[in-house]
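Subject: Structure for your review

Dear colleague,

Please find the structure below, handed over for your records. My notes on it come after the display.

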Amino acid sequence: MEILQAKKLPFGVSCCYTSQNTEIIGSEEYFDDLIAKGAKFAWFFTFMPVGVGAPVSLMVSAEQREFMYKQVREFRNTKP
């Protein structure tokens, strides 16, 4: 990100939130850090276990999904 920003190249990020990182990825500090590093857009994906042996413990709860839904919409309206 630092190199892309230094070269003034537009870029975005892809973020996958899990039961273990939802509070971090949904935090205002995380969004502000992405903006400070020059990200122009972000995609947020909910972790979905796929295949045999996929860690279902990383699936987010309904409350975590709701939290991310609200955070993304809030920051769309308040962040550059």
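Predicted model: local features only at pLDDT ≥ 70, side-chain atom pairs only at ≥ 80, totals over all residues.

Residues are numbered from 1 along each chain as its sequence is written, and side-chain values use heavy atoms, with hydrogens and water left out.

The protein has four helices and two strands, taken as DSSP runs (helices H or I, at least four residues; strands E, at least two) and numbered from the N terminus. Along the sequence the pattern is α-β-α-α-β-α. The C-alpha trace spans about 40 × 25 × 15 Å along its principal axes. Of the 80 residues, 29% count as buried (under 20% relative accessible area, with exposed over 50% and partly exposed in between; 1.4 Å probe, protein chains only).

There are four salt bridges (a side-chain nitrogen of Lys or Arg within 4 Å of a carboxyl oxygen of Asp or Glu). One of them pairs glutamate 28 with lysine 79 at 2.6 Å, N to O. Glutamate 28 belongs to helix α3 and lysine 79 to the segment after α4, so this pair ties together parts that are 51 residues apart in sequence. Lysine 79 is buried, at 17% relative accessibility, and glutamate 28 is partly exposed, at 39%. Lysine 70 and glutamate 66 also form a salt bridge (3.0 Å, N to O); they are four residues apart in helix α4, about one helical turn. Salt bridges with shared partners join Glu28, Asp32 and Lys79 into one network.

The largest pocket holds about 490 Å³ of space. A pocket here is an open set of points on a 1 Å grid over the protein atoms alone, where a 1.4 Å probe fits, with protein on both sides within 12 Å along at least five of seven lines; lining residues have an atom within 4 Å of a point. The volume is the space filled by probe spheres set on the points, which are joined across faces, edges and corners. Of its 20 lining residues, Phe31, Ala42, Phe44, Val72 and Arg76 are the closest to the centre of the pocket. Helix α4 supplies the largest share of the lining, seven residues.

Lysine 8 lies in the loop between α1 (2-6) and β1 (11-17). Although not a glycine, lysine 8 has a positive phi of about 60 degrees. Its relative accessibility of 74% makes lysine 8 exposed.

Phenylalanine 41, in strand β2 (residues 39-46), is partly exposed at 39% relative accessibility.

Yours sincerely
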